[in-house]
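Student: Could you take me through one part of this structure up close, starting with a residue in a loop, and then connect it to the rest?

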Amino acid sequence: MQKPSPDPTAEEDSHSAGRRIERLSLHLTPLAISPDDHRQIERLECAKAAAAKLNVDTKSLSSYMRGKHREIQDKVMDYFNKRPDLQTPVEILKDDHRELCMRQLTGLVREAGIRPFRYVVEDPAKYFAILEAVGSVDMSLGIKMGVQYSLWGGSVINLGTKKHKDKYFDGIDNLEYPGCFAMTELHHGSNVQGLQTMATFDPITDEFIIDTPNDGAIKWWIGNAAVHGKFATVFAKLMLPTHDKRGVSDMGVHAFIVPIRDLKTPQTLPGIEINDCGHKVGLNGVDNGALRFRSVRIPRDNLLNRFGDVSRDGKYTSSLPSINKRFAATLGELVGGRVGLAYSSGSVLKIAGTIAIRYSLLRQQFGPPKQPEVSILDYQSQQHKLMPILASTYAFHFATLHLVEKYSEMKKTHDEQLVADVHSLSAGLKAYVTSYTAKSLSICREACGGHGYAAVNRFGSLRNDHDIFQTFEGDNTVLLQQVAGDLLKQYKEKFQGGTLSVTWNYLRESMNSYLSQPNPVTARWESEDHLRDPKFQLDAFRLNRLGFLLAVPNFTTTSKCCCQTSQALQTSGKFWCLE
């Protein structure tokens with residue numbers, strides 16, 4: 001009787017499983033090393049010997065990684081290295097930390113002569129390079145700088161017009177006008193269109209009246225508000241009086257410049273109530289506060305009117321036809337904060353990874369009998385903890401640099417497609433990088449054992465300060481669902497019409513490399529050249545993404561649901577419609 005021919009796929013699976021088991025057993029029970037066996041990787045006597053065997057031009061690598069703005073970063077670091085009185089001690093009280101943080105920022109601007117604000121629009125890549133260096137000194141300082149220049153300053157120059165830039169630019173730049181970004185309310189964070197603060201126009205006095213209608217509308221977690229802020233960009237519903245039974249018309253959320261303190265004293269202005277949000281889990285160098293407005297009057301010119309304006313007689317004009325389009329344009333101009341967070345989170349991972357890997361290289365523990373102990377970085381378990389983090393750090397570095405380049409191009413060209421790309425890319429990268437970094441900070445701490453628990457080694461402060469990165473500038477869950485909604489929208493557009501030809505064109509575009517060669521998954525190619533081929537890796541990611549999209553059940557294309565979907569994603573991004 002003829003024996004059945006063996007299944008080659010089954011044999012290959014069996015051999016592959018055997019190899020994995022063998023490698024695992026060698027890791028758990030290492031073979032004794034024979035001096036004559038050159039096939040084995042020799043255990044290194046000490047970390048110094050390991051360093052001597054490395055063949056990396058670290059100076060060139062560092063120069064390449066830091067890019068063209070390394071000189072301005074060196075200038076930042078040199079300034080703080082020469083000013084030990086401005087370095088943040090391990091043990092510091094909240095109020096002292098806040099004052100130190102303000103002195104650090106003031107010294108950077110007025111003594112070191114580094115003016116980040118002018119680069120916010122002119123050269124965003126240089127601004128983010130300064131932000132990275134400043135954040136490595138003290139993350140609270142990086143956030144305070146971001147509040148002053150990217151949020152408060154950025155809202156003035158991006159949402160305002162020439163009159164606002166002429167009036168406020170120099171004061172923001174030299175810190176004479178420290179300010180806040182008052183968007184988040186006690187009851188509304190992600191759902192910005194649901195904000196309740198009101199700005200009602202008074203045509204008699206030619207003023208807007210800013211009001212907090214209830215406790216839920218109190219502006220909350222506002223950086224720079226508790227102590228140092230003199231102005232605030234307040235996001236509120238613009239209400240115009242009408243001559244019908246409604247009385248007022250809601251024109252949607254707009255931004256207004258509201259003075260909150262006297263310029264020469266810390267005294268709050270009439271109608272302004274400011275409370276301190278108190279001690280936080282981290283970033284205690286930033287003075288977060290709560291703002292309440294009681295019939296605060298501001299001039300009509302304080303409306304940041306790039307996307308909508310009110311005339312002296314109370315007529316509203318805008319180049320954009322609807323509330324949703326104006327709202328989208330407004331938030332689109334504020335995406336720089338999200339770009340900065342993705343970039344800064346990658347920088348935090350660089351710091352933590354560097355500390356953990358250097359420690360692991362120097363720390364020695366256990367080893368063969370009567371031989372020197374082994375650097376813990378030589379253990380596969382330690383490598384499995386830290387090497388993926390190192391690889392991801394490089395990936396995040398180049399990914400966020402790409403994002404910054406696209407953002408810089410967007411600021412110059414204002415191309416609509418580029419705006420949409422940057423919005424989606426910044427949402428995805430911010431969510432993914434900050435979540436990964438948050439998890440990795442704990443892994444790095446654990447990888448350094450008990451010494452990692454010492455506050456002086458920074459893991460605790462890095463972890464606490466970075467934790468909120470997952471929430472502000474967009475909650476990560478909401479952002480990921482916005483990205484998913486955007487992908488589903490693109491997917492639906494590819495299939496408009498539903499004909500066979502449309503389907504075929506989409507599949508051909510998405511999988512062109514697979515129509516001319518075996519599918520890499522079924523072919524099981526394992527050669528190093530193939531697996532390292534960037535084209536293969538990109539195709540594999542595309543195939544993976546397509547698989548997720550195809551798995552979405554019965555994505556509706558009815559006009560009613562699409563309208564609801566679009567509105568939901570624009571207002572909060574919390575869900576999309578599936579049937």
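Tutor: Arg-458 is partly exposed, with a relative accessible area of 28%; buried here means under 20%, exposed over 50%, and partly exposed in between, using a 1.4 Å probe and protein chains only. You'll find Arg-458 in the loop between α13 (416–447) and α14 (459–467). Helices are DSSP runs of H or I with at least four residues, strands are runs of E with at least two, and both are numbered from the N terminus. The backbone of Arg-458 has a phi near 80 degrees, a positive value in a residue other than glycine. Most residues other than glycine have a negative phi.

Before going further, keep in mind that this is a predicted model, where local features need pLDDT of at least 70 and side-chain atom pairs count only at pLDDT 80 or more, while totals for chains, interfaces and linings use all residues. Residues are numbered from 1 along each chain as its sequence is written, and side-chain values use heavy atoms, with hydrogens and water left out.

Leu-175 also has a positive phi, near 70 degrees. Leu-175 sits in the loop between α9 (162–173) and β1 (179–182), and at 5% relative accessibility Leu-175 counts as buried.

A positive phi turns up in a hairpin too: Asp-206, near 60 degrees, belongs to the hairpin of β2 and β3, which has four residues between the strands. Those two strands, β2 (residues 198–202) and β3 (residues 207–211), pair in the antiparallel sense over five bridges; pairing takes at least two DSSP bridges between two strands. Within that pairing, Thr-200 has Ile-209 of β3 as its bridge partner. β3 also pairs with strand β9 (residues 296–299), antiparallel again, over four bridges.

Now for the helices. Helix α8 (residues 139–159) has a kink of about 35 degrees centred on Gly-153, the bend being the angle between axes fitted to the seven residues ending at a residue and the seven starting there. Since 21 of the 21 residues of α8 are buried, α8 is largely enclosed by the rest of the structure. Its N-terminal end is capped by Asp-138, with a side-chain oxygen 2.9 Å from the backbone nitrogen of Ser-140.

Over in helix α12 (residues 380–413) you can pick out Gln-382, which is buried at 8% relative accessibility. Setting aside neighbours within four places in sequence, Gln-382 is in contact (heavy atoms within 4.5 Å) with Ser-360, Ile-376, Leu-377 and Ala-447.

On to the rings. Phe, Tyr and Trp rings (the six-membered one for Trp) pair if their centres lie within 6.5 Å; planes under 30 degrees apart are stacked, over 60 edge-to-face, and the rest tilted. That rule gives 19 aromatic pairs. Tyr-79 and Phe-80 have ring centres 5.1 Å apart and planes at 75 degrees, so this pair is edge-to-face. Both Tyr-79 and Phe-80 are buried. Elsewhere in the list, ring pairs join Tyr-127, Phe-128, Tyr-343 and Tyr-407 into a cluster.

Last, the cysteines. A search of the whole structure turns up zero disulfides, a disulfide being a pair of cysteine sulfur atoms within 2.5 Å. Cys-101 is buried, at a relative accessible area of 0%, and Cys-277 counts as buried at 18%.

Technical notes:
Polar contact = N/O pair within 3.5 Å; in protein donor to acceptor, adjacent residues only side chain to side chain.
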